Amino acid sequence: MPQITYIDSDGNKHQVELPLGATIMEGAVQNDIKGIIAECGGSCMCATCHCYIAEDYLDKLPEMEEEEDEMLEGAVAPRTERSRLGCQVRISNALDGLVVEIPQEQ
Amino acid sequence: MLLPPLFPNIPPNSIPMKKNVIIIGAGHAGIQAAASLREEGFEGSICIFSEDADFPYQKPPLSKGYLDGSQQKNSIMFRSETWYENNQVELKLGELVEKVDVPQKTVHATSGEYAFDFLVFATGAYNRELPIPIKGTDQPLYLRTMKDADYLKQALDQEDVQDILVIGGGFIGLEIAAYAAKSGKKVTVVEYQPRLMQRVLPPMLSEHFAAKHQAYGVDLRMGVGVQDLTQDSKWLASLSTGETVTADQVIVGIGVLPSQVLAQEAGIRCSNGIEVNEYCETSAAGIYAIGDCALHPNPFAKGQMVRLESVQNAVDQAKAIASTICGKPTSYHQVPWFWTHQYNLKLQMAGLSEGYDQLLVRGDVEGDKFSVFYFKNNQLIAVDSINKPADHLQARKWIQASYTPDLEKLADDSIKLNEC
């Protein structure tokens with residue numbers, strides 16, 4: 001299973017293995033990673049699973065749909081070119097070793 | 001001068017952080033209450049009773065992603081088992097609370113009697129049942145729990161099940177109708193009110209959704225009641241118009257009622273829900289009610305007593321009572337928001353539009369990408385957005401801050417929303 005490192009909203013690192021097909025949001029919630037709220041449960045409705053993806057993995061991510069793009073505009077923490085919604089990124093083998101940073105505010 | 005002791009007359013082992021909390025219900029409200037108590041540093045015991053034997057899961061996907069198979073069991077669980085262990089949140093699943101004794105501060109459950117310092121009703125709501133004669137060996141289907149959803153999916157996915165009758169044109173009924181229609185079934189929806197989702201939507205949005213359902217072949221019968229249901233080889237429904245509808249499966253979604261019997265029997269004040277004040281505290285001190293079961297004064301309904309059935313309401317009320325229990329009295333003051341997903345239409349609602357006297361539509365209605373802004377006495381009270389998530393998030397910020405945008409700018413699509 002691909003290995004993912006989360007850096008939570010307090011700056012602590014957590015290395016976890018996630019099953020293929022799980023989302024970054026689900027992995028964070030199931031592993032009790034601080035800072036991911038995911039109020040809507042993964043429906044791309046609330047922008048509370050905002051995270052920053054390590055730069056070297058950006059081109060390995062599934063492409064961003066228009067609604068995710070719009071939701072990110074309304075996210076509480078500043079949006080950068082590394083911003084994604086955790087619920088919209090599914091884990092694939094290409095993402096093995098990925099580092100995901102979680103902002104302090106959602 | 002001598003300062004008074006920090007906790008006069010309270011023995012040291014009973015400071016708030018060490019007390020015991022019992023939560024009844026393991027939906028969004030109950031689980032969030034436990035999580036927020038721990039985040040606030042609460043050190044006492046937390047025990048959650050749930051009638052549902054399944055490991056605590058989220059209910060909104062049951063009529064959406066879980067039904068259409070895009071979300072699995074694992075992805076709708078609130079937390080992992082280790083989270084409950086690590087945070088010392090005890091789960092009593094499949095266990096019925098039979099009685100709450102307010103003076104003794106105990107709950108009586110199947111496995112025994114448990115003492116509490118604080119009690120939280122997060123009991124949710126149960127389905128309103130069809131008040132008509134039903135003759136048949138089977139029963140029409142309802143949706144509330146994961147077991148119901150599993151059963152419903154299995155029933156709908158059978159190949160010889162082609163004709164589906166949905167009774168009730170509210171969120172749940174229509175989400176199920178959308179799934180069935182997309183799966184190629186022949187769907188009829190019967191709604192007693194003259195239009196879809198009448199309780200929460202204005203006519204133009206009801207019509208927008210109606211047109212979408214019709215485009216997928218759904219036969220909508222509005223302003224029509226069902227008088228009786230008879231099952232022979234198929235179901236036969238007699239309508240108030242004198243017509244009949246036949247179906248292989250009948251699904252009922254005609255609203256919910258607050259689960260308040262336990263509170264009522266304990267002498268706690270209830271009407272359309274368990275009555276609470278702005279701190280979500282019931283008529284009994286130290287006993288709270290949150291989520292779908294709580295009839296609360298809502299600042300976004302001008303302080304009127306309302307009961308809201310939504311994730312937002314459950315989660316935000318849970319956060320408020322967790323702070324209050326931890327010694328920081330916190331009133332509930334968050335913009336209500338809701339969502340539904342039918343076909344390609346993602347509707348997000350911010351605020352409560354009831355009683356609006358003016359509305360403004362912005363965006364591309366034909367392209368299914370627009371928002372409706374509602375005003376009352378020239379103040380923005382609510383915004384419904386279809387496939388416009390950025391509008392929705394902006395609306396929540398505006399309504400929370402009691403801000404009303406400039407109407408002329410708002411009416412001009414070329415001006416950015418955050419510049420209105």
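**Exercise 1.** Determine how many aromatic pairs occur over all chains, and classify the pair of B:F49 and B:Y114.

*Solution.* Rings of Phe, Tyr and Trp (its six-membered ring) pair if their centres lie within 6.5 Å; planes under 30 degrees apart count as stacked, over 60 as edge-to-face and the rest as tilted. By this rule there are seven aromatic pairs over all chains. The centres of B:F49 and B:Y114 are 5.3 Å apart and the planes stand at 70 degrees, so the pair is edge-to-face. B:F49 belongs to strand β2 (residues 46–50) and B:Y114 to strand β6 (residues 112–115) of chain B, so the pair ties together parts 65 residues apart in sequence. Strands here are DSSP runs of E with at least two residues, and helices are runs of H or I with at least four, numbered from the N terminus.

The model is predicted: local features need pLDDT of at least 70, side-chain atom pairs pLDDT 80 or more, while totals for chains, interfaces and linings use all residues. Residues are numbered from 1 along each chain, chains are lettered from A, and side-chain values use heavy atoms, without hydrogens and water.

**Exercise 2.** Classify B:F49 and B:Y114 as buried, partly exposed or exposed.

*Solution.* Buried means under 20% relative accessible area, exposed over 50%, and partly exposed in between (1.4 Å probe, protein chains only). B:F49, at 1%, is buried; B:Y114, at 22%, is partly exposed.

**Exercise 3.** Characterise the pair of B:Y216 and B:Y343.

*Solution.* With 4.1 Å centre to centre and 20 degrees between the planes, the pair is stacked. B:Y216 is partly exposed at 39%, whereas B:Y343 is buried at 7%.
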